[in-house]
Each structure stands twice: as structure tokens, then as C-alpha cells.
Amino acid sequence: MLGHAYEMLLAGTMIVLGILIIVSIIRSVLGPGISDRVIAVNMIGTIIIMLIAILSLYLDESYLVDVCLIYAMVSFLGVVVLCKVYTGVYLQHKNMKANLGAVEDNLRRQEESGVSGEAERSAAAAELSAENAAGETEIAAKPPEKAAEQPEKAAKQPKEVR
Amino acid sequence: MVWEWIRFFAVAGLLLVGMFFEVLAVFGVQKFKKALNRMHAAAMGDTLGVLFIFLGLMVMRGFTMDSLKLFLVILFFWMASPVSGHMISRLEAMTNPNLGEISVIRMGEKRESVESALSETECAQPAPGKEDAKNESI
């Protein structure tokens, strides 16, 4: 009578825990983020450890408790390694993106500095020629055009940077 | 015989309480919307659920070597669960870009964004957390 009652109790507990495992598997499939899945898998591991411990009393096999202890350690190790791996992958992607962005930024700045350097050089040459030949009106008419060009570039640059 | 039955009811009570906590943990993981809230619910199953179910099994087994092993499992869980929770929360804090966004929950409604809730109550404050979420700290 008592043995039968114990069997019923343990079987009922195992059935409920099995249903909980199925619900947790659904969450681990649906979970939007990676950490949701890791949480669900961690909880599945916990429930399975309880199941093994209950099974060791249901079948009256004492070695299943050792299996339970080892399963707990392996499950903990699995969760820690999963978290480490995913943080590593995320950091790698982030660093790769940062490096690519830095290379692109460097190239763009080189191009811009080259263009603006040419413009400055031509403007300086125009000023020099204007100083040298102050009386000649043909060359003195040029610097205002250059000066009108440069604000446009100065206005363009912030947009490109953003 | 009477003591045997008393022990049976003690085991049944402990197992039922443990199962109640486990059901609550799974329900919380299904119910909450964010990973950190889910972790809060799952940690309860990792500590209280494991404690009560294994206590029930220990009471059922009596003073034997198996009881000691079950107690060791509880001890290991109580040491390992916070560590894994810390790792998971760090993963979440690193990878989630909009961790700091505030969600307003009202009775009988679904979740709203911060802007609509603030515009309804006509708060002059701008939505916080959008800028703070960008600096992902390790």
C-alpha cells in the first residue's frame, strides 16, 4: 500500500516535470534573443537533474544519483562555455566592424585632405601671384572665385562625416 | 506504520512545494518579456525548486549515503546557479543594444513604448535610456 503510494507520487511528479520540459523547449525555440534561449536551456538542465534524482528513487538504483551530480556539473559547464563563446563572437564582430569602419574613415579622410590640400595650394598660389602682381586685374579677379568655392566644400564636409 | 505514513505525507508535501516553485519558474519564463526578468524567474526554480524536491527525496531516503549525495547536489546547485546567472546577465548586457528602454505595463493592455506613454501623460521629459543604451559596457 505504502509502496504503491510512493510510486504514484514519484510518477506524478515525473509526469509534471516532463510537461515542464516540453514548455521550456517551446520557450527555447521561440525566445527572441540568445540569452533567452540560454536561460531556457539552463532550466531544462535543472529539470532533467530533478528527473534523474526522482528516477533513482523510483527505480531504487543508487548509482543514478552519481549520474545526477555529474549531469549538474556538465550542465553548469555547458552554460558557462555557451555564454563565453557568444560574448566572444559578439566582441569579434564588434571589433571587425570597428576595424572596417576605421579603415574606411582613414581612406575617406585621406581623400578629403588630398582634395582640400590641392585647393589650399591653388589658393595660396593665387594669393602669391596676386601679391606679386598686385596691379594686374586679370589675376586679382581669381581669388574671390576660389574663396567662393571653398565654403561649399566646407559645407559639404560635415554631411559626409555624418 | 503511522510514522511511515507521516513520512510519506512529508515527502509528498515537500515534492509538491518544489513542483509548485518549478511550475512558477517555467510560467515566469513564459510570461516575462525581457531576458533579465526571465532570469529572475528561472533563478527561483534553480534554488527553491531544487531545494524542496531534493529535500523531499532526502526525507524519503533516510540517513544513507544517497542522502548525502543528494545534499551535495543541492550544495553544488546553490554555488553554480549564481555563477551561471551572472554569465547570462553579462551576455545579455553586452549583446542587447536597447537594454535601458523602459516599458510601461498597465492592466488589461499590451506593452507600450515609452514615447506613447509619456505623450499620453504629457510629461515634458524626453525618453531616457535611448542614449544610455548605446554605450555598451562590459
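Predicted model: local features only at pLDDT ≥ 70, side-chain atom pairs only at ≥ 80, totals over all residues.
Local features require pLDDT of at least 70 and side-chain atom pairs pLDDT 80 or more, while totals for chains, interfaces and linings use all residues. Residues are numbered from 1 along each chain as its sequence is written, and chains are lettered from A in the order in which they are written.

Chain B has four helices and zero strands. Helices (H or I, at least four residues) and strands (E, at least two) are DSSP runs, numbered from the N terminus. The order of elements is α-α-α-α. Of 138 residues in chain B, 28% are buried, that is, with 20 or more other C-beta atoms, placed from the backbone, within 10 Å of their own. Contacts are pairs of residues whose C-beta atoms, placed from the backbone, lie within 7 Å. Among contacts in chain B with a separation of 6 or more, 59% join residues 24 or more positions apart.

Helix H1 of chain B covers residues 2–31. Its 30 residues reach 43 Å from first C-alpha to last, close to the expected 44 Å, where the expected span is 1.5 Å times one less than the number of residues. Buried residues of H1(B) include B:Leu14, B:Gly18, B:Phe21 and B:Glu22. Their cover includes H1 (2–30) and H2 (34–58) of chain A, together with H2 (35–61) of chain B.

Between the chains, 40 residues of chain B contact 38 residues of chain A. H1, H2 and H3 (65–95) of chain B each supply at least two residues of the side touching chain A. H3(B) gives the most, with 16 residues. By class, this side of chain B has 26 nonpolar, five polar and nine charged residues. Nonpolar means Ala, Val, Leu, Ile, Met, Phe, Trp, Tyr, Cys and Pro; charged means Asp, Glu, Lys and Arg; the others, Gly among them, are polar.

Terms used:
Buried ≥ 20, exposed ≤ 12 C-beta atoms within 10 Å, placed from the backbone. Contact = placed C-beta atoms within 7 Å.
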